[in-house]
Amino acid sequence: MESFFKTHKYLVEHLHAPVRRGLMDEINWDDRLIGIKGSRGVGKTTFLLDYAREYFGADNKKCLYVNLNHFYFAKRTLVDFASEFRVKGGKVLLIDQVFKYPDWSKELRYCYDNFTDLKIVFFGSSVMRLKEENSDLSGKVVSYHLRGFSFREFLNLMSGNDFRPYTFKEVMQNHEAIARKICSTAKPLAYFQDYLHHGFYPFFLEKRNFSENLLKTMNMMLEVDVLYIKQIEQSYLPKLRKLLYLLAMSAPCTPNVSQLSKEIEASRATVMNYIKYLADARLMSMLYPVGEAFPKKPSTVYMYNPNLMYSIRPSEVNPQSVREVFFYNQLMKDNTLNEGMKNAHFLVNGTFNFRIKESMKMKNNSNLYYAVDKVEVGEGNIIPLWLFGFLY
């Protein structure tokens, strides 16, 4: 146990967290069992350690970070470890890599039921189903999702500002005043292209080649987050990788499931399941007409965020596709997006039809809202595309 405290102290003292994530203030830290999901590369471990630093500090042994990937847990159970931690005065256990531990959900449920004075916060893959498919934790765990940097967080980091997030309702009602206020302090468009290329994943701050690092991360998503958690045989990995590549080369697109099934030599049902797995892993996004959902075929599939597009097909990235992916990615946190009406790319919250544009060189359709690139401040139904990066 003492060695874990030493590791915890070292990690907290040497933590580099240049951006305080907005999720820190959204979580109700009074809940006893908190599950936080997120895809690889978005800074899950950093987030846990930042919580420990902010609420407890490095020397307070009431809080302990532990990685269940440690060989120690090949022999020792999580329940025994949590029990010993409590005996030593522990109050908050922060658990990383929980899905690597056998029967993790059953032991977390045991801790919840029997150690009522212990709070557990655990991180898992975005592929995990904490409530829908997990009867052990149903009704007990409160789940959240940690996303990559929003454009707002990226802009704050790069420009030294502290702009607050805005709700979608605030943007729709007052976008002109909000944009003017932000632009009076910073120049969002000067940073926007950099964000689209490499700003979503915090590891762009590391002194490594970003695209190579992201490609490795994507492969880990497939090999571990999808195959391991979904218990798919390793021999099917080439099919999954090929499907991702085929979709990435044509997205946004309506998937031709019959053609894809021939290309990867798998059944139509398998292709649809694989697309869903890619969406769960936050590699793809699926857009449906109102009232439809999986297992039906989506009307359009997108890459999950623009950074992925630049890594997979750096010389063939379509700027319009990047704009659409950015809009979808930034809005999906707290909004519902569906296929839009004619001439619209998206229907937001069942009410607002949006067309994503590079500029306003065509007649304004009063039935549409426009998210327009290369515009600092909009007017009426014309809203700067970059401003939708301020929703979290």
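Visitor: Is aspartate 225 buried or exposed?
Guide: In this predicted model, local features need pLDDT of at least 70 and side-chain atom pairs count only at pLDDT 80 or more, while totals for chains, interfaces and linings use all residues. Residues are numbered from 1 along each chain as its sequence is written, and side-chain values use heavy atoms, leaving out hydrogens and water. Buried means under 20% relative accessible area, exposed over 50% and partly exposed in between (1.4 Å probe, protein chains only). Because its relative accessible area is 3%, aspartate 225 is buried.

Visitor: Where does the backbone oxygen lie that is 2.9 Å from a polar atom of the side chain of serine 126?
Guide: Serine 126 is in the loop between β4 and β5, and it counts as buried because its relative accessibility is 0%. Beyond four places in sequence, serine 126 touches residues including Lys37, Gly38, Ser39 and His145. The backbone oxygen at 2.9 Å from its side chain belongs to aspartate 280.

Visitor: Which element gives the most to the lining of the largest pocket?
Guide: A pocket is an open set of points on a 1 Å grid where a 1.4 Å probe fits, with protein on both sides within 12 Å along at least five of seven lines; lining residues have an atom within 4 Å of a point. The largest pocket is lined by 33 residues, and Asp280 is one of those nearest its centre. Among the elements that give two or more residues are α2 (23-26) and α12 (268-280). With four residues, the element giving the most is β6.

Visitor: What is the volume of the second largest pocket?
Guide: Of its 35 lining residues, Gly41, Val42, Gly43, Lys44 and Thr46 lie nearest the centre. Taken as the space filled by probe spheres set on the grid points, the volume of the second largest pocket is about 750 Å³.

Note on methods:
A polar contact is a pair of N or O atoms within 3.5 Å; within protein, one must be able to donate a hydrogen and the other to accept it, and residues adjacent in sequence count only if both atoms are side-chain atoms. Contact means heavy atoms within 4.5 Å.
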